[in-house]
Amino acid sequence: AAAGAIGLAKVLLCLKHRQLPGLVHIDKLNPLINFQSTGLYIVQHLQEWKANPGAALMAGINSFGHSGTNAHLVVQEAPLQPIRDVVAKPFYLICLSAKTDAALQQKISDLSEDLARQEEPGNLGAIAYTLNTGRAHFKKRCALVVDSLKTLQDALTGTFSSENMGSAEKMSGTEQALCQKIFEAIATELHDTENLANAAARSTYKNNLAALAGLYLKGFALDW
């Protein structure tokens, strides 16, 4: 079971990076096996893992138990889903968090490096959505309101102020109720996206996101 779990982790990493690591204990191939006639080959060095055009990467994992229980698992990479921002927004709220200050700084650095590595520009709306809804939120927090990937990258590599960093604390019932009312009022305004072409409306939208960032930094659980 442990070997199977390790094999699955290895395959998932290979799918993520689209690379195949070489087998470390292979010095030379068995001369009695004619691999050229089988269509199979042994990966001896790190190499790119490529699929035929229009095809997905796929791998098989074997796990053989001492009791005679054997398992075989076929794993295929997830299909690419086009990212579509239904309504382009003038600003986005980017939230990061961690359990310690050092871990938060590492997350900030990791995001900055990931953005720098991307060959094609990412989707700012998708990045905000994933960070805000697909991640757990811890005590040490950072919140940024940005209008472009460049602004985000500049903010991540710049100097953070107290307006962007915070340490979430447990709120009293009164504080929670007050923050809930503020959140509901802000959310109502944010849902009105009809007049965002207007400069004043865009400024109001940005201020509302900044207010949400303040609630987030204080420890309020935003209903994403």
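These legends walk through several close-up views of a predicted model.

**View 1. Helix H5 and its buried face.**
Let's start with helix H5, which covers residues 173–190. Its 18 residues reach 25 Å from the first C-alpha to the last, close to the 26 Å expected at 1.5 Å a residue. Which residues of H5 are buried? They are Cys179, Phe183, Ile186, Ala187 and Leu190. Looking down the axis of H5, you would find these buried residues within an arc of 100°, so they line one face of the helix. Turned away from that buried side are the exposed residues Gly173, Thr174, Leu178, Lys181 and Thr188. Helix H6 (199–218) is included in what covers the buried residues of H5.

**View 2. Asn208, a buried residue of helix H6.**
Now move to helix H6, where Asn208 is found. Is Asn208 buried or exposed? Asn208 has a relative accessible area of 11%, and buried means under 20%, so Asn208 counts as buried. Leaving out residues up to four places away in sequence, Asn208 touches Ile186, Glu189 and Leu190.

**View 3. The largest nonpolar core.**
In soluble globular proteins, nonpolar side chains tend to be buried together. Here the largest nonpolar core has 19 residues. Those with the most contacts inside this core are Leu93, Ala143, Leu209, Leu212, Leu215, Phe220 and Leu222. Which elements give two or more residues to the core? They are E5, H5 and H6, and H6 gives the most, with seven residues. Take Leu215 as an example: neighbours within four places in sequence aside, Leu215 is in contact with Cys179, Ile182, Phe183, Phe220 and Leu222. Apart from this core lies another, of 17 residues, including Ile94, Leu96, Leu111 and Cys142.

**View 4. Strand E5, covered on both sides.**
Strand E5 spans residues 92–98, and seven of its seven residues are buried. In a regular strand the side chains alternate between the two faces of the sheet. In E5, Tyr92, Ile94, Leu96 and Ala98 point one way, while Leu93, Cys95 and Ser97 point the other way. Strand E6 (residues 140–146) runs antiparallel to E5, and seven bridges join the two. One place to look is Leu93, whose bridge partner in E6 is Val145.

**View 5. The hairpin of E3 and E4.**
Strands E3 (residues 58–64) and E4 (residues 70–76) run antiparallel and are joined by seven bridges. They form a hairpin with five residues between them. In the turn, Gly68 has a positive phi of about 100°. Phe64 stands opposite Asn70 in E4.

**View 6. Arg18 and its partner Glu77.**
Side chains of opposite charge can pair when their charged atoms come close. Arg18 and Glu77 meet in a salt bridge, at 2.8 Å from N to O. The pair links distant parts of the chain, 59 residues apart: Glu77 is in the loop between E4 and E5, and Arg18 is in the loop between H1 and E1. Glu77 is buried, at 18% relative accessible area, whereas Arg18 is partly exposed, at 33%. Arg18 also has a positive phi of about 55°, although it is not a glycine.

The structure holds five salt bridges. In one of them, Asp101 meets Lys140 at 4.0 Å, N to O. Asp101 lies in helix H2 and Lys140 in strand E6, 39 residues apart. In another, Glu169 pairs with Lys139, with the closest N and O atoms 3.9 Å apart. Lys139 sits in the loop between helix H3 and E6, and Glu169 in the loop between strand E7 and H5. Glu169 is partly exposed at 47% relative accessibility, and Lys139 is partly exposed at 40%.

Key:
Residues numbered from 1 in each chain as written. Predicted model: local features only at pLDDT ≥ 70, side-chain atom pairs only at ≥ 80, totals over all residues. Heavy atoms only, no water. Helix = DSSP H or I, 4+ residues; strand = E, 2+ residues; numbered from the N terminus. Expected span 1.5 Å × (residues − 1). Buried < 20%, exposed > 50% of the residue type's maximum accessible area, 1.4 Å probe, protein only. Arc of directions from axis to C-beta. Contact = heavy atoms within 4.5 Å. Pairing = 2+ DSSP bridges. Core = buried A, V, L, I, M, F, W, Y, C linked by side-chain atoms within 4.5 Å. Salt bridge = Lys/Arg side-chain N within 4 Å of Asp/Glu carboxyl O.
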